[in-house]
Amino acid sequence: TTTSELAKTEPVEGAAPTAIMVAGERPAIDRSRMDRIETMLQTALDKGLTMDILQKLLDMRKELRAEVAEEAYNEAFAAFQAQCPVIRKDKKADFETSTGGRMTYTYAPIESMIEQVGGLLGRLGFSYNFTTETLPTGIKAYCHMTHVLGHTKTGDFTADVSGTRSMSNAQITASKETFAKRKAFCNVTGIVTGDEDNDGLKGRD
C-alpha cells in the first residue's frame with residue numbers, strides 16, 4: 001500500500017461553501033485537507049504499514065499544517081486590513097534638538113494604536129509580541145504577529161540613538177525603543193496613520 005493508495009480510501013470532499021463574514025469575525029478555516037491527512041494516518045496505523053510510509057504521511061501533515069496556517073493568516077490579515085481604520089495622530093511632540101533647533105510634529109503613540117485596533121486583531125485570531133536588539137548605531141525592534149493556527153510574520157524597525165539636549169541617555173534609549181516598536185508594529189500590521197507628519201526644525205539658531 002502506498003500513500004497514493006491511502007488517499008483513495010476516502011472520497012475527495014468538494015469545496016467548502018462560501019461563508020458570510022460579519023465585521024470583526026474570524027474567517028472560517030477549511031479543515032477538510034487536515035481531516036483527510038488524519039484519516040490517511042489512521043488508516044495507515046490500522047493496516048500496520050511500514051514506518052517509511054508513516055513518516056511520509058507525518059511529513060505531509062507537517063507541510064500541510066504550515067500551508068493551512070499561512071492561508072488562514074493571510075485571510076485574517078486581509079479581513080483586518082479591510083476593517084482597520086486610519087489611525088489618527090493625537091499626540092504632539094515639541095522639543096529642542098541637539099543642534100539647538102526645535103522639532104515639532106504630531107504622531108500616534110503605540111498605546112493609542114493598540115487601543116484602537118487591538119480588539120479587532122484579537123477577534124481575528126491575532127496576537128503579537130515585541131523583542132528588541134541593541135545595535136552600535138541604534139535600537140532595532142521586532143513585532144512578531146502570530147495567528148491562532150501558528151503562522152507568524154515579523155515587522156522590524158531600527159531607530160538611531162540620537163537625542164535632545166534635555167534628555168538623559170536612559171531617556172533617549174527608552175524613547176527610541178518605544179519609537180522603534182511603534183514603527184515595527186505599523187510595518188507588520190500595515191497600519192497607516194492619518195494626516196501627514198508635521199516634521200521639521202523650527203527656530204534653529
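The following questions and answers explain how terms are applied to this predicted model.

The model is predicted, so local features need pLDDT of at least 70 and side-chain atom pairs count only at pLDDT 80 or more, while totals for chains, interfaces and linings use all residues. Residues are numbered from 1 along each chain as its sequence is written, and side-chain values use heavy atoms, with hydrogens and water left out.

Q: What makes residues 169-189 a helix, and how does the reach of α5 compare with the expected span?
A: Helices (H or I, at least four residues) and strands (E, at least two) are DSSP runs, numbered from the N terminus. Helix α5 has 21 residues. The expected span is 1.5 Å times one less than the number of residues; α5 reaches 30 Å from its first C-alpha to its last, close to the 30 Å expected. Just after α5, Gly 190 takes a positive phi of about 75 degrees.

Q: Why is Ser 127 called partly exposed?
A: Ser 127 has a relative accessible area of 43%, and is therefore partly exposed. Ser 127 is found in strand β3.

Q: How do you know which residues Ser 127 is in contact with?
A: Contact means heavy atoms within 4.5 Å. Leaving aside neighbours within four places in sequence, Ser 127 is in contact with His 144, Met 145 and Thr 146. Ser 127 and His 144 are 17 residues apart in sequence, and their C-alpha atoms are 8.4 Å apart in space.

Q: What makes β3 and β4 a pair?
A: Two strands pair if DSSP finds at least two bridges between them. Ten bridges join β3 to β4, which run antiparallel.

Q: Why are β3 and β5 edge strands?
A: Three strands form an open antiparallel sheet in the order β3-β4-β5. Each of β3 and β5 has a single partner strand, so one side of each is left without a neighbour in the sheet.

Q: What makes a group of residues a nonpolar core, and which residues have the most contacts inside the largest one?
A: A nonpolar core is a set of buried Ala, Val, Leu, Ile, Met, Phe, Trp, Tyr and Cys residues joined through side-chain atoms within 4.5 Å. The largest has 25 residues, and those with the most contacts inside it are Phe 80, Met 113, Val 117, Phe 126, Phe 185 and Ile 191. At least two residues of this core come from each of α3, α4, β4 and α5. A second, separate core of ten residues includes Ile 37, Leu 41, Leu 49 and Ile 53.

Q: How do you know how many disulfides there are?
A: A disulfide is a pair of cysteine sulfur atoms within 2.5 Å; by this rule the count is zero. The sulfur of Cys 84 is 9.4 Å from the closest cysteine sulfur, in Cys 186, and is therefore too far for a bond. The sulfur of Cys 186 is 9.4 Å from the closest cysteine sulfur, in Cys 143, again too far.

Technical notes
Buried means under 20% relative accessible area, exposed over 50%, partly exposed in between (1.4 Å probe, protein chains only).
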